[in-house]
Amino acid sequence: MRFIGITGGVGAGKTEILNYIRKHYKCEIYLADRVAEQLQEPGTECFKALVELLGEGIKSPEGRLDRKQIAAKIFADSRLLKQVNDIVHPAVKVFLLERLEEARASGETELFFVEAALLIEAGYRALVDELWYIYADETVRRLRLEQERGYSPEKTAQIMASQLQEEKFRENCDFVIDNSGSLTESYKQIDRKLEAFTWQE
């Protein structure tokens with residue numbers, strides 16, 4: 001079984017690539033951001049640690065974490081951002097490694113994927129067997145974000161500026177899927193890469 005990390009900049013099309021893989025290969029796929037949200041539900045260790053760090057004011061009236069309040073606090077203070085990451089990232093890794101061992105033990109999963117824009121920064125290079133970079137030309141990514149998500153040019157530029165540059169992605173990744181063109185072309189690249197694994201109609 002291969003443990004593969006999937007990363008890439010915003011608008012590169014990681015979701016479409018993973019949907020195709022999920023449909024056609026014997027795999028398990030985890031989105032690190034979704035896992036992090038699950039691990040911050042009320043009553044969890046992460047929830048308690050974040051409230052202790054950031055104060056009761058980060059809870060919504062319903063008793064959940066108020067993500068806008070958290071964002072306002074941590075992006076104004078790089079020290080707090082690091083402390084929050086030091087709580088959340090290790091918990092996500094522990095969760096994923098537990099699921100990985102379960103998948104190995106089951107013998108039914110051939111490919112185990114984790115996806116996140118920050119895999120490289122979060123140190124997953126040392127955990128995975130392979131790291132894949134989903135690439136798309138910057139002009140294509142801007143168009144997707146503005147047309148499909150309704151982002152303003154300013155918001156798109158701000159998000160892109162906060163992420164790793166293409167060179168860094170390429171330096172750290174073992175395989176690149178060029179998703180600038182049609183999805184059909186991207187699917188062919190995946191199928192060539194995964195030809196040794198079981199195909200499912």
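Contact here means heavy atoms within 4.5 Å of one another. The model is predicted, so that local features need pLDDT of at least 70 and side-chain atom pairs count only at pLDDT 80 or more, while totals for chains, interfaces and linings use all residues. Residues are numbered from 1 along each chain as its sequence is written, and side-chain values use heavy atoms, with hydrogens and water left out.

The account begins with the sheet. Helices (H or I, at least four residues) and strands (E, at least two) are DSSP runs, numbered from the N terminus. Two strands pair if DSSP finds at least two bridges between them. Five strands make up an open sheet with parallel pairing, in the order β2-β3-β1-β4-β5. The edges are taken by β2 (27-31) and β5 (175-178), each with a single partner strand, so one side of each has no neighbour in the sheet. Neighbouring strands are turned against each other by 20 degrees on average, direction ignored; axes are lines fitted to C-alpha atoms, for helices over the stretch in contact, and angles run from 0 to 180 degrees between N-to-C directions.

Strand β3 (residues 111-115) is joined to β1 (residues 2-7) by five bridges, in parallel. Within this pairing, Ile-4 stands opposite Phe-113, and Gly-5 has Val-114 as its bridge partner. The parallel pairing of β2 with β3 also extends over five bridges, with Glu-28 partnered by Phe-112. Buried means under 20% relative accessible area, exposed over 50%, and partly exposed in between (1.4 Å probe, protein chains only). Five of the five residues of β3 are buried, so this strand is largely enclosed by the rest of the structure. Leu-111, Phe-113 and Glu-115 are buried on one side, and Phe-112 and Val-114 on the other. Helix α5 (residues 78-106) lies across β1, β2 and β3, and runs at about 165 degrees to β3.

Ala-32 belongs to helix α2 (residues 32-38). This residue counts as buried, at 9% relative accessibility. Apart from neighbours within four places in sequence, Ala-32 contacts Val-92, Val-114, Glu-115 and Ala-116. The C-alpha atom of Ala-32 is separated by 24 Å from that of Ser-180, 148 residues apart along the chain.

Helix α9 (residues 183-193) contains Ser-186, which is buried with a relative accessible area of 0%. Not counting residues up to four places away in sequence, Ser-186 touches Ile-17, Ile-177, Asp-178 and Asn-179.

The second largest pocket remains to be described. On a 1 Å grid over the protein atoms alone, a pocket is an open set of points where a 1.4 Å probe fits, with protein on both sides within 12 Å along at least five of seven lines; lining residues have an atom within 4 Å of a point. The second largest pocket holds about 270 Å³ of space, where grid points are joined across faces, edges and corners and a volume is the space filled by probe spheres set on the points. Its lining comprises 18 residues, of which Glu-138, Arg-141, Leu-164, Gln-165 and Glu-166 lie nearest the centre. At least two lining residues come from each of β4 (130-135), α6 (138-148), α7 (153-162) and α8 (166-172).
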